[in-house]
Amino acid sequence: MENISFIGTGVMGSSIVSHLLQAGYPVTVHTRTKGKAEPLIAAGAKWASTVAEAVQKADIIFTMVGMPADVEEIYLKVDGILANGRSGQVLIDMTTSSPALAKKIEKAAIEKGMSSLDAPVSGGDVGAKNGTLSIMCGGDESVFNQVKAIFSIFGSQIVLQGRAGAGQHTKMSNQLAIATNMIGVCEALAYAEKAGLDPERVLESISPGAAGSWSLSNLGPRMLGGNFEPGFYTKHFLKDLRIALDEASAMDLDLPGLQLAIRLYEDLIAKGYGDKGTQVLFKQY
């Protein structure tokens, strides 16, 4: 089996690594804070103290970090993946990042005889734990086919969307749909409460119908229960929305729903909710 390195073991990454270990793959992990990786090390993952060390023996290198700046540092700096990797390695960035950066990484990888895919995911902490993530890929079809079986270990919907950057563009579409849907979920529940209804009973009625969505079914109950812990961090979601706004502006596309969502989440982060889950939007109501 291929040797896998996984850089970034946060909320999503940890579950993905767990699935890979359970499938029998040898996995080396690296993250900024070793303590976050201790459960994975206890489960059989090897620890690498640096990115360079993580890269050395890997056939496939996954990354899943916070911000585009983190992606750029991990891949393109002198102590990063490209400087310390070797020909034949496959690089897979699962961070939600910019399409332009995905193209830049692919170009640099090809120059070193490597391959790369941008492969952001959707499904949140629930999808990661259940191994049912939607994986949106950009890159060469032959590389995608080479690793698709590995994707299937933790994903249930795996689609090649086009060349480098196409996965990131698809994730922007995903985040746009979520952003405005989250506003609708919050307003629906706020309306139900204001009307004197039992909002949990309202959820029973509207979740299976035309109003149904992943956010309504999975995050609606968390909102009503006051559970704002992260399946996906608000600060990372705002980062995604800003990338989407930049891309939309470059295409001369006006998206007023996106602009409203950005304003609402900016206000939440200013109030100190950046490390809470996206469902914390309910506090605005």
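A: Gly212 touches Ile206 and Ser207, not counting residues up to four places away in sequence. Contact here means heavy atoms within 4.5 Å. This is a predicted model, where local features need pLDDT of at least 70, side-chain atom pairs count only at pLDDT 80 or more, and totals for chains, interfaces and linings use all residues. Residues are numbered from 1 along each chain as its sequence is written, and side-chain values use heavy atoms, with hydrogens and water left out.

Gly212 sits in the loop between helix H10 (199-206) and helix H11 (214-224). Helices (H or I, at least four residues) and strands (E, at least two) are DSSP runs, numbered from the N terminus. Gly212 is partly exposed, with a relative accessible area of 33%. On this scale, buried means under 20% relative accessible area, exposed over 50%, and partly exposed in between (1.4 Å probe, protein chains only). Val185 is 27 residues from Gly212 along the chain, and their C-alpha atoms are 9.6 Å apart.

Now take another loop residue, Asp252. It lies between helix H12 (234-250) and helix H13 (256-270). Asp252 counts as exposed, at 74% relative accessibility. Its phi is positive, about 60 degrees, although Asp252 is not a glycine. Most residues other than glycine have a negative phi.

H12 and H13 meet at an angle of about 150 degrees, with axes 10 Å apart. Axes are lines fitted to C-alpha atoms, for helices over the stretch in contact, and angles run from 0 to 180 degrees between N-to-C directions. From H12, the contact includes Phe237, Leu238 and Leu241. From H13, it includes Leu258, Ile262 and Tyr265. By class, this contact has ten nonpolar, two polar and three charged residues. Ala, Val, Leu, Ile, Met, Phe, Trp, Tyr, Cys and Pro count as nonpolar, Asp, Glu, Lys and Arg as charged, and the others, Gly among them, as polar.

Thr95 lies in the loop between E5 and H6. Thr95 counts as buried, at 1% relative accessibility. Its side chain reaches the backbone nitrogen of Val65 at 3.0 Å. The Thr95 side chain also makes a polar contact with the side chain of Asp93, at 2.8 Å. A polar contact is a pair of N or O atoms within 3.5 Å; within protein, one must be able to donate a hydrogen and the other to accept it, and residues adjacent in sequence count only if both atoms are side-chain atoms. Leaving aside neighbours within four places in sequence, Thr95 is in contact with several residues, including Val71.

Ala108 is partly exposed, with a relative accessible area of 21%. Leaving aside neighbours within four places in sequence, Ala108 is in contact with Leu76 and Leu82. Ala108 and Leu82 are 26 residues apart in sequence and 7.5 Å apart in space, C-alpha to C-alpha.
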